[in-house]
Amino acid sequence: MHISAKADYATRALVELACDTERPLTCEAIASSQEIPFRFLKSVVGDLRRAGLVRSQRGCEGGYWLGRPAADITLLDVVRAVDGELITLRGEPLSGLAYPGPADALPGIWREVEERAGEVLAGTTVEALVRRSRRPAARLAVEAV
């Protein structure tokens, strides 16, 4: 399974936002803190905003906040927001995949891998990631909510 840079950066941005809910964070601040290329992050945050996972405010006091509570955002939400399908084969969804002859069972295995990965991602929230952080300030911000 391939985890895209978009999914990784999006998750890291959301975790950063979950750690500081008192004020909006700029893309520059998130990119700097997480060592993510700024231009790439701007695109990723746009996908997150369209999916309702972040909200934005323009202006000098502007930036981004979580669009919903960290406890309500799963990693599956994040992957689907930035990548669409969880797993594809040569860019195509697994739903209609079929092979002839002795390989006919293989598409079922690929769909099972997708299902199990989806269960793990759906069972992991942004809040859970913050709570697991080794950075004490991150955990304290979530515990205060």
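**Terms and their grounds**

Modeller: Read along the sequence, the protein chain follows the pattern α-α-α-β-β-α-β-β-α-α-α. This is a predicted model, in which local features need pLDDT of at least 70 and side-chain atom pairs count only at pLDDT 80 or more, while totals for chains, interfaces and linings use all residues. Residues are numbered from 1 along each chain as its sequence is written, and side-chain values use heavy atoms, with hydrogens and water left out.

Colleague: What makes a stretch of the chain a helix or a strand?

Modeller: Both are DSSP runs, numbered from the N terminus: helices (H or I) have at least four residues and strands (E) at least two. The protein chain has seven helices and four strands.

Colleague: Why are H1 and H2 called roughly perpendicular?

Modeller: The axes of helix H1 (residues 5-19) and H2 come within 10 Å and cross at roughly 110°. Axes are lines fitted to C-alpha atoms, for helices over the stretch in contact, and angles run from 0 to 180 degrees between N-to-C directions. Angles under 35 degrees count as roughly parallel, over 145 as roughly antiparallel, 65 to 115 as roughly perpendicular and the rest as oblique. H1 and H2 are therefore roughly perpendicular to each other.

Colleague: Which residues make that contact?

Modeller: With contact taken as heavy atoms within 4.5 Å, H1 contributes Arg12, Ala13, Glu16 and Leu17, and H2 contributes Ile30, Ser33 and Gln34. They divide into three nonpolar, two polar and two charged. Here Ala, Val, Leu, Ile, Met, Phe, Trp, Tyr, Cys and Pro count as nonpolar, Asp, Glu, Lys and Arg as charged, and the others, Gly among them, as polar.

Colleague: Why is Asp47 called buried?

Modeller: Buried means under 20% relative accessible area, exposed over 50%, and partly exposed in between (1.4 Å probe, protein chains only). Asp47 has a relative accessible area of 15% and is therefore buried. This residue lies in helix H3. Leaving aside neighbours within four places in sequence, Asp47 is in contact with Lys6, Ala81 and Val82. Asp47 and Lys6 are 41 residues apart in sequence and 9.5 Å apart in space, C-alpha to C-alpha.

Colleague: What makes Glu35 count as exposed?

Modeller: The relative accessibility of Glu35 is 70%, so this residue counts as exposed. Glu35 is placed in the loop between H2 and H3, and has a positive phi of about 55° although it is not a glycine.

Colleague: How do you know that there is a pocket?

Modeller: On a 1 Å grid over the protein atoms alone, a pocket is an open set of points with protein on both sides within 12 Å along at least five of seven lines, whereas a cavity is a set where a 1.4 Å probe fits but cannot get out; lining residues have an atom within 4 Å of a point. Grid points are joined across faces, edges and corners, and a volume is the space filled by probe spheres set on the points. About 250 Å³ of space lies in the largest pocket.

Colleague: Which residues lie nearest the centre of the largest pocket?

Modeller: Of the 15 lining residues, Lys42, Ser56, Gln57, Arg58 and Tyr64 lie nearest the centre. H3 gives the largest share of the lining, five residues.
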